[in-house]
Amino acid sequence: VFLNVKIDKLYLPKELKYLGKYTISNMYLIGSDETLPKRVGFIEVEEGNENFVSDGNGLYSIVGGKKKLIRLFNENLTTYVAPDDVIFFESNCFSTCVALKNIILPDGVVTFDESALVYDTQVEEIFLPKTVKHIYTRTLFGIDTQRNRVAYRVDEESNYLFRDEDSIYEVLEDGTYKLVLCFYTGKGEIQILDGTSVIGAEAFKRHKNITQIEFPQTLRVIEREAFAETGLESLVIHKHIRRIESRAFFNCGDLKSVKLSSDLEHIAKDTFQACRKLQKIDSEGEKNIFFY
């Protein structure tokens, strides 16, 4: 009933327990499960509803006494300070707020997933409190520039995350680091902090200026699409690296040569998918893992 319509005001009665999939979202493609946010001018929830609440800026669902932001609908808001009891964020929940520049998350949030921003975001900075342990990065739909468009400010008291000049790192249980997101936009070789054992999913994706990479000896894992669509020209995977996951170097258009260590335990079949200039993959041994 509500598919592909603009809603000026939506009223939710106190008896409502469930909000249908397309009430505040539209289908992205016919026959697809993907959705895009629908513009809703205002959402009011009747007092006494035990499942939803509205504060004039956003619609929230109630999960175990805590709140999940379903949609921020105040399109004039430039800074959103999340209420103290909001610790979850729905995909696309910030997507229709075109004026939004800053998001301040409260203590209690443990995980932030960039899918909350994924459609046409103009957000420039997000504050991460000391309770945040994990950031899950996404390629931001509607943004064709490098990832420095969305920056993070990390609470100085955090024991889980820190930021240096170029990147955000997560502190793992063994004391090593996971490089979550790189903001460096210069040309040439990238420096990765010594002590880094994991390069996270999409950490360098679409950084076209990267031509070389020197991995620290502490590195063990390169995650999904970590260097996809970068400007890498050559690649050496040293023996300390154990795993390379799906499409880690997908569509690196300038990549011409790769050297792999025989100590590599796993490499995804699509690691170098769409690397059209790649003419040579050398390895130290004859493991089946290296037959492409």
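## Aromatic rings and an open sheet

Phe 249 and Phe 272 are both buried in this structure, which is a predicted model.

A search of the whole structure finds twelve aromatic pairs. In one of them, the rings of Phe 249 and Phe 272 have centres 5.7 Å apart and planes at 20°, so this pair counts as stacked, given that planes under 30 degrees apart meet that description. Phe 249 belongs to the loop between strand 23 (243–244) and strand 24 (257–260), while Phe 272 belongs to the loop between strand 25 (266–267) and strand 26 (280–283), and the pair therefore ties together parts that are 23 residues apart in sequence. Elsewhere, one aromatic cluster is formed by Tyr 80, Phe 89, Phe 94, Phe 112 and Tyr 152.

Turning to the strands, an open sheet is built from four of them in the order 5-6-7-9, with mixed pairing. Its edge strands are strand 5 (52–54) and strand 9 (86–89), each of which pairs on one side only, and neighbouring strands of the sheet are turned against each other by 35° on average, with direction ignored. Within this order, strand 6 (residues 58–63) and strand 7 (residues 66–72) run antiparallel and are joined by six bridges, and Val 63 stands opposite Lys 66 in strand 7.

Methods
Residues numbered from 1 in each chain as written. Predicted model: local features only at pLDDT ≥ 70, side-chain atom pairs only at ≥ 80, totals over all residues. Heavy atoms only, no water. Phe/Tyr/Trp six-rings, centres within 6.5 Å; stacked < 30°, edge-to-face > 60°. Helix = DSSP H or I, 4+ residues; strand = E, 2+ residues; numbered from the N terminus. Buried < 20%, exposed > 50% of the residue type's maximum accessible area, 1.4 Å probe, protein only. Pairing = 2+ DSSP bridges. Axes fitted to C-alpha atoms, helices over the stretch in contact; angles between N-to-C directions.
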